[in-house]
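Look first at how the chains meet, then at how one chain is divided. The paragraphs below follow that order.

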Number of protein chains: 2
Amino acid sequence: MAKTKVTLGIDIGGTNTVFGLVDENGNIKTKESIPTHSMNPAEDLFQRLFEVFSPVYNEHAEKYQIMGIGVGAPNANYYSGSVENPPNLNWGTVNLISLIQKYYDLPVAVTNDANAAALGELKFGAARGMKNFVQITLGTGLGSGIVVNGDLLYGHSGFAGEMGHTTIIAEGRKCGCGKRGCLETYVSAPGIKRTVFELMAETTEASTLRDINYNDLTSKKIYDAAKIGDRIANNAFKFTGKILGQAMADAVAYLSPEAFVLFGGLALSGDLILEPTKKHLENNLLNIFKGKVKILLSGLPEGDAAILGASALIWHELKNK
Amino acid sequence: MAKTKVTLGIDIGGTNTVFGLVDENGNIKTKESIPTHSMNPAEDLFQRLFEVFSPVYNEHAEKYQIMGIGVGAPNANYYSGSVENPPNLNWGTVNLISLIQKYYDLPVAVTNDANAAALGELKFGAARGMKNFVQITLGTGLGSGIVVNGDLLYGHSGFAGEMGHTTIIAEGRKCGCGKRGCLETYVSAPGIKRTVFELMAETTEASTLRDINYNDLTSKKIYDAAKIGDRIANNAFKFTGKILGQAMADAVAYLSPEAFVLFGGLALSGDLILEPTKKHLENNLLNIFKGKVKILLSGLPEGDAAILGASALIWHELKNK
């Protein structure tokens, strides 16, 4: 019987690293998770990873043929195959391709998690068949992966697609990157929290959120308050959607995507975030683009998206070979 | 003797249409100009154009072989081959490819003038050998053509690359497009004029520009005043460069270009515009991009750039066939 062709997708996070075999239709055949141990060198992670993976794979070796390995990792550079001084890993700069090929002599590709997520949507999710779209992950930051002409936009450096660090309000909120007014300081889980605190300071509106301290407040709690009519929570969503819609209109002027695909906790807030986003996107579009740009929700299950994205990266490479 | 391969480049402006034969090294072999007569239909323009061109070409037909025809025109859509309701031509929507192929059965490609200019820089000018750059034309507006992975970024609609209509100051200056705060309301020949008038209103600084009325003021007069130390003129250049540098930093976050290539009158103002642009670009870049993005001046002679761009468009097509 012919073996099923699969790829190994690896998603490296600051806390956990998940990996698994995925077939060309996005079926996850195996899935494992190990702690990343971010203070240790990269070699340590991959040694432990393949200690877990090898017996799993050997068990299935008669069924599956691994075609390649895709890796999503912070600060990963597609061109060089290296991870370059990731903020949350004590790795310095390390070439993941050569490191991984010590274990398996297979094609390997690496990119950052936002780019991998975009390829996941392209191959398995909401962007199937699209040539031009922007994937946006709303989490602790705002990650973006841009697809142009059916390929990821890496740019000259390999680090293109940093929509979260475009300036949306000059001299605005301080960002972790060192700049001010970056989109992700407004549109992300911490961003909407900062907006709630701004609104609590600026208005005298009653709100249950006034009983929650900054460190305890989550976007889930803001969502729950908004659902039961809390004005400050609702206004925080409106403001977040307004800023996101404005930023999307600029992205359209640059890129003219067919759609934006939204992923991550805030994206699950439904019309609370989508309605103001759509309105302010349309209001800020050039006439030639009005009514022509879709906003879609991710087509991938939240828990599997990272592995699917990493797997899609190497499927995409193999297709283009 | 083998014929020299050439393409016909046609640049359609609101007032004049220029066209000529260009070889693969950017040598202009013939060059003609006719009035566009913008109130007449497109058919009229092309009938007159080929009445002028045909005898010119027949004269040289033993020397030159035409490989294709490239057209730069306002609101031209590369995908459809049509010009769609150009603001300054009374054409409605008209397919230029089929119109032109009635005269010559050759490959034809059309795009807007800003995109053609980018391909001109790629094939013949300052961006030779680059895979990722942004061409910016500073004229009556701010036109931009974006090259990604060695190809023009057209996006889903064919109209990508409208950097001039990204919002740089929320609720800012009214733009001809109907929006507010668009980059080109600050960074263009009319943009710097508006800045001079704003500075004359806001400050009490003496300036020779206070003797010139709005309709008579040109960016050339602002340049001349700046060169002899006029403070308002100098500050207008500083402000223009600041806004351009900030906008470029956002473009880098999206696109990670190797360089920006500047073309048009304002770009010829040298360090008056370049020095503040470079400073504010660097100040607003993410750390990973700092010191790595070039700002270059166009490598094309101003009077020939339009024909060279239109010619480069079809050379680029023929190469990719």
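Chain A contributes 33 residues to the contact and chain B contributes 33 residues; two residues are in contact if their C-beta atoms, placed from the backbone, lie within 7 Å. This is a predicted model, in which local features need pLDDT of at least 70, side-chain atom pairs count only at pLDDT 80 or more, and totals for chains, interfaces and linings use all residues. Residues are numbered from 1 along each chain as its sequence is written, while chains are lettered from A and ligands numbered from 1 in the order in which they are written.

On the side of chain A that touches chain B, helix 6 (residues 231-255) of chain A gives the most, with five residues. Helices (H or I, at least four residues) are DSSP runs, numbered from the N terminus. By class, this side of chain A has 13 nonpolar, 13 polar and seven charged residues. Ala, Val, Leu, Ile, Met, Phe, Trp, Tyr, Cys and Pro count as nonpolar, Asp, Glu, Lys and Arg as charged, and the others, Gly among them, as polar.

How are the two chains related? Chain A is superposed on chain B by a rotation of 180° with 0.0 Å of shift along its axis (RMSD 0.0 Å). The two copies are therefore related as by a two-fold rotation axis. The superposition is by least squares on the C-alpha atoms of residues with pLDDT of at least 70 in both.

Within chain A, an automatic or database domain assignment gives domain 1 (4-122 + 303-320) and domain 2 (130-297). In chain A, 13 residues of domain 1 are in contact with 14 residues of domain 2.

Notes
Helices (H or I, at least four residues) and strands (E, at least two) are DSSP runs, numbered from the N terminus.
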